[in-house]
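I opened this entry to keep track of what I looked up, in the order in which I looked. The sequence and the model come first, and my notes follow.

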Amino acid sequence: MPTSLDDLVKRIRDLPSLSAVVVELLSTMDQEDIDVHVLGGKIALDQSLTAKTLRLANSSFYGMSSKVTTIHQAISVLGFHSIRTLVTACAVTGSFPASASANGGVNFQAFWRHSVATAVCAKLLAVHLKLNPDTAFTAGLLHDIGTLVLATRFPTEYAAMLAYRKEHDCYIIEAERSVIGIDHAMAGSALAAYWKFPAAMQEAVASHHHLDAAGTPTLPLLIHAANVFAHALDLSGEEDDLVPPMSQALWVSLALSEADCAKLFRDSESTFVDMCQILVT
């Protein structure tokens with residue numbers, strides 16, 4: 001029997017909540033008046049989160065000329081927006097332990113590798129589209145989070161879906177709809193709402209496989225494109241990875257030259273390894 005959205009929401013409520021500091025950080029995405037010193041102090045209280053965040057801040061992705069050793073120092077050098085993004089990334093990737101997702105048969109390493117690849121592509125593409133690169137990185141990292149919701153909340157159905165996909169050689173979202181009745185974009189959107197992510201990020205997660213129309217670049221359009229590019233780069237390590245289609249209208253909206261694409265792919269691949277070493281544990 002297909003899964004209902006109501007059942008999905010009930011099972012999402014069984015998932016662990018994000019830490020209070022991460023929820024507070026997410027709530028500040030649309031705020032201008034932020035007490036950075038107070039929030040920095042709250043982040044610093046979580047030693048494991050701080051350690052992971054500082055490793056990311058010192059990675060080649062940010063090209064620091066000297067090493068940062070404290071959260072407040074990282075904020076002063078990289079800016080609060082970047083640190084908020086890194087803390088959120090570290091917290092969310094740690095909220096689904098690998099053992100939990102194994103029940104549904106999902107390849108945990110491949111999942112996070114693709115998520116990181118999408119995040120990196122999104123951040124770099126955001127600069128070209130004049131959108132917020134930090135928000136783009138977070139949304140890119142979380143665009144497939146519904147996959148882990150389905151795999152951990154509906155493990156039997158998810159395993160059956162993987163078998164169906166292998167048999168029919170189709171896109172995973174098509175297999176999810178056929179077997180489970182709900183796809184990972186819907187599940188991810190429901191989780192993003194439960195975790196009180198900003199509205200634009202919820203929409204980006206919900207629509208990363210389908211956009212009603214292209215046009216002026218928005219966060220959902222950006223994440224849709226970044227997901228396609230990440231699949232095209234084939235960084236997940238999965239042998240049967242399929243590249244989703246991209247509409248001609250979306251391609252026109254991106255206004256990427258051949259040189260732009262080459263640089264985007266080159267820069268994404270060069271920073272992907274560092275990010276994976278820290279976020280994919």
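With which residue does Asp-134 form a salt bridge? I found the partner to be Lys-123, with the closest N and O atoms 3.3 Å apart. Asp-134 lies in helix α9 and Lys-123 in helix α8, so the pair ties together parts that are 11 residues apart in sequence. I also noted that both Asp-134 and Lys-123 are buried. I keep in mind throughout that this is a predicted model.

**Entry on the whole chain**

Along its principal axes the C-alpha trace spans about 50 × 45 × 30 Å, and buried residues make up 51% of the 281 residues. When I looked at contacts between residues at least 6 apart in sequence, I found that 69% of them join residues at least 24 apart. The protein exposes about 12700 Å², of which carbon and sulfur atoms supply 53%.

**Entry on helix α9**

I went back to α9, which covers residues 133–142, and saw that it is mostly covered, since nine of its 10 residues are buried. The buried residues include Asp-134, Phe-137 and Leu-141, and the buried residues of this helix pack against α6, α8, α10, α14, α15 and α17. At the start of α9 I noted that a side-chain oxygen of Asn-132 reaches to within 2.8 Å of the backbone nitrogen of Asp-134.

**Entry on helix α13 and Asp-183**

Eight of the 11 residues of α13, residues 184–194, are buried, so this helix is largely enclosed by the rest of the structure. Asp-183 caps the N-terminal end of α13, with a side-chain oxygen 2.9 Å from the backbone nitrogen of Ala-185. I found that Asp-183 also forms a salt bridge with Arg-177, where the closest N and O atoms are 2.8 Å apart. Asp-183 counts as buried at 3% relative accessibility, whereas Arg-177 is partly exposed at 46%. After α13 comes Lys-196, whose phi is positive, near 60 degrees.

**Entry on helix α17**

The structure holds three salt bridges, and one of them is formed by Lys-263 with Asp-267, the closest N and O atoms being 2.6 Å apart. Being four residues apart in helix α17, these two are separated by about one helical turn. Lys-263 is partly exposed, with a relative accessible area of 44%, and Asp-267 counts as partly exposed at 22%.

I then followed Ser-268, which is found in α17, residues 258–279, and which is buried with a relative accessible area of 1%. A polar atom of the side chain of Ser-268 lies 2.7 Å from the backbone oxygen of Leu-264. Leaving aside residues up to four places away in sequence, Ser-268 touches Val-120, Cys-121, Leu-124 and Leu-233.

**Entry on the cysteines**

I noted that the structure holds zero disulfides. Cys-121 is buried, with a relative accessible area of 0%, and Cys-170 counts as buried at 11%.

Notes:
Residues numbered from 1 in each chain as written. Predicted model: local features only at pLDDT ≥ 70, side-chain atom pairs only at ≥ 80, totals over all residues. Heavy atoms only, no water. Disulfide = S-S within 2.5 Å. Buried < 20%, exposed > 50% of the residue type's maximum accessible area, 1.4 Å probe, protein only. Polar contact = N/O pair within 3.5 Å; in protein donor to acceptor, adjacent residues only side chain to side chain. Contact = heavy atoms within 4.5 Å. Areas by Shrake-Rupley, 256 points an atom, 1.4 Å probe, with all protein chains shown as cover. Salt bridge = Lys/Arg side-chain N within 4 Å of Asp/Glu carboxyl O.
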